[in-house]
Amino acid sequence: MSSQTKKTVPFNGTEQQKAELLKVIAAKKNEKGALMPVMQKAQEIYGYLPVEVQTIISDEMNIPLEEVYGVATFYAQFSLYPKGKYEISVCLGTACYVKGSGDIFNKLQEKLGIESGGCTPDGKFSLTACRCIGACGLAPVMTVNDEVYGRLTVDDVEDILNKYND
């Protein structure tokens, strides 16, 4: 899949969100080193930093879009893609991987129809891989938001997803 398929949820920022962001930028734009705090606040407002939001920041702060994008992609705290209501993360650290977490991750991609970093079109699920979450004794492990699931098999995936059908 190309990186274009990752953005499965269209940008739907509101005028209220834009007004809030513009207020933040106006308050900080003349401060030295304001880009990071503005981007952090923008991500709080929108949940992620799509190109539309990066462009507002670029235009209003008179900073090249390439620089805003560079910061957004360099720091792990920023996401260019929306997060689902239920954020699924599968540990691909050594202990989990040798016990089959790669197969679980692949099954989730197949069931959800998204790749790593993607979000389902309905905005319900997003999927990422992580390294060690410190639950090696429960390997293989995945989380859904703050819920930890351990000692998983590929057959557990569908039952776990069904728990989140509200």
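Accessible areas were computed by the Shrake-Rupley method with a 1.4 Å probe, and for residues only the protein chains shown count as cover. On this basis, the accessible surface of the protein chain amounts to about 9400 Å², with 49% belonging to carbon and sulfur atoms. The model is predicted, so that local features require pLDDT of at least 70 and side-chain atom pairs count only at pLDDT 80 or more, while totals for chains, interfaces and linings use all residues. Residues are numbered from 1 along each chain as its sequence is written, and side-chain values use heavy atoms, with hydrogens and water left out.

The protein chain contains 7 helices and 4 strands (DSSP runs of H or I with at least four residues and of E with at least two, respectively, numbered from the N terminus). From the N terminus on, the order of elements is α-α-α-α-β-α-α-β-β-β-α. Along the principal axes, the C-alpha atoms fill a box of roughly 55 × 30 × 30 Å.

Of the 166 residues in the protein chain, 42% are buried (under 20% relative accessible area, 1.4 Å probe, protein chains only). In helix α3 (residues 51–61), the buried residues are Val53, Gln54, Ile56, Ile57, Ser58 and Met61. Their cover includes α1 (15–28), α2 (35–46) and α4 (65–74), where contact denotes heavy atoms within 4.5 Å.

Lysine 124 is situated in the loop between α6 (101–112) and β2 (125–130). Lysine 124 counts as buried because its relative accessibility is 15%. Leaving aside residues up to four places away in sequence, lysine 124 touches Gly84, Lys85, Tyr86, Tyr164, Asn165 and Asp166.

Notes. Buried < 20%, exposed > 50% of the residue type's maximum accessible area, 1.4 Å probe, protein only.
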